[in-house]
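Colleague: I have a chain here that I would like to go through with you. Can we take the overall fold first and then a few single residues?

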Amino acid sequence: MRKYLLPQTGKFYKANLHSHSVCSDGSLSPEQIKEIYLKKGYSAVAFTEHEIMLDFSNLSDENFIAITAYEYELVNDKNHLAALHEWKPRMGTHVEKIHLNLFSKDPHDTRMICFNPENVWGNAKKYLHRARYVGNPDYVRSYAKEGINEVIHAARERDMLVVFNHPNWSMNTRDVYAGLENLSGFEIINGATNLESDMEYMPHIYQELARLGKRMICVGGDDNHKDFECGLAWTMIKADSLTYQNLMDGLERGNCYASSGPEIYELYVEDCSVTIHCSDAVSVYLYTAGRRVDRKLMGQDGIPVTEAVFKLDENDYMFRISVKDARGNHADTRYYYFDEICEQ
């Protein structure tokens, strides 16, 4: 029996799940961001301003959805590098941080969690009068594992989606991210920081988190602050129609994939095999829980790969697929688990 891992029906909607406007530290107005992304074929943008969540639903229409979200920061004041090398780094450059994007399932619900107005900075201060929060306004943030998980837990209790952002830029170590619990997603590629460093496409950390038993989707986002950072990485969400609720539901259900170029048209399991149809690729890889990897590569005839069928083994436990195009860009599915496929 054929089981579709990405829904057979509906349409893919292109979304940037990480964006900054002049309402925090970006250089573009929300209106300019909408215009730029519409021209690039996007249907949605999450306005993840630093430390303040604002309702931009006035920008939403039949062709565009403004997603209500914000980016939460925790800073390691006792930086491990400073302790190791006996030096004092500048706060803005070499200090370890955790950045989480928190997404509201209701576009008008801007209640923030673990909020302290002292943490609001830059242009976001202008919007403090609009800040709504849940809990103690004198909350003190802690970079300890317990403190980070307290934030994630509070967000999940508030029925928000929580995505762990750009671990290389944040200088995160395994000791930190291995202890994160109940995340909704992982930012497998951050467009702006990858453009800067070529080090923010991080499937290996997603794979490591999965091997640690952490089930979550993977997403792509631009983290754009300037116009040239727009359109670098995105998330394709499959939904019946373009509504706020459908996009949030598609993310929560894992009906999505991350990309910086290739497209995935169809993905299904049938007769103990997984089949993918995609745009022109030089390689398609199947990754499992362990060392077993399978692949289909473009041959010497130069004909691109547009379809691959991989046999699954019961010992694989979980798998994901990665598509690479001729420019070196990737599309990545989330991890699929044998027990959830059997439950569908």
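Colleague: How many helices and strands are there in the chain?
Modeller: Bear in mind that this is a predicted model. The secondary structure includes both kinds of element, and the count for the chain is 8 helices and 20 strands.

Colleague: What radius of gyration does the chain have, and what would a compact globule have?
Modeller: Along its principal axes the C-alpha trace spans about 60 × 50 × 40 Å. A compact globule with 344 residues would have a radius of gyration near 20 Å, so the chain agrees with that rule, at 20 Å.

Colleague: Among contacts between residues at least 6 apart in sequence, what percentage join residues at least 24 apart?
Modeller: The count covers pairs with heavy atoms within 4.5 Å. Of the contacts between residues at least 6 apart in sequence, the share joining residues at least 24 apart is 68%.

Colleague: Which residues touch the most other members of the largest nonpolar core?
Modeller: In soluble globular proteins, nonpolar side chains tend to be buried together. In this chain, 55% of the 344 residues count as buried. The largest nonpolar core has 82 residues, and those touching the most other members are Val274 and Val284.

Colleague: How many residues are in the second, separate core?
Modeller: Leu17, Ala46, Phe103 and Val163 are included in this second core. Its size is 21 residues.

Colleague: Is Ser29 buried or exposed?
Modeller: Ser29 lies in the loop between strand S2 (11–19) and helix H1 (30–39). Not counting residues up to four places away in sequence, Ser29 touches Ser21 and Val22. Its relative accessible area is 18%, and the cut-off is under 20%, so Ser29 is buried.

Colleague: Where does Met216 lie, and is Met216 buried or exposed?
Modeller: Met216 is in the loop between helix H6 (203–211) and strand S10 (217–221). Because its relative accessible area is 8%, Met216 counts as buried.

Colleague: How far apart in space are Met216 and Phe186, C-alpha to C-alpha?
Modeller: Leaving aside neighbours within four places in sequence, Met216 is in contact with Phe186, and its other contacts include Leu183, Tyr206 and Arg334. Met216 and Phe186 are 30 residues apart in sequence, while their C-alpha distance is 6.9 Å.

Colleague: How far apart do the centres of the positive and negative side chains lie?
Modeller: The chain exposes about 15,600 Å², with carbon and sulfur atoms supplying 48% of it. There are 37 positive and 51 negative side chains, and the centres of the two sets are separated by 1 Å.

Notes:
Residues numbered from 1 in each chain as written. Predicted model: local features only at pLDDT ≥ 70, side-chain atom pairs only at ≥ 80, totals over all residues. Heavy atoms only, no water. Core = buried A, V, L, I, M, F, W, Y, C linked by side-chain atoms within 4.5 Å. Buried < 20%, exposed > 50% of the residue type's maximum accessible area, 1.4 Å probe, protein only. Helix = DSSP H or I, 4+ residues; strand = E, 2+ residues; numbered from the N terminus. Rg over C-alpha atoms; globule rule 2.2 N^0.38 Å. Areas by Shrake-Rupley, 256 points an atom, 1.4 Å probe, with all protein chains shown as cover. Lys, Arg positive; Asp, Glu negative; His and termini not counted. Charge placed at Lys NZ, Arg CZ, Asp CG, Glu CD.
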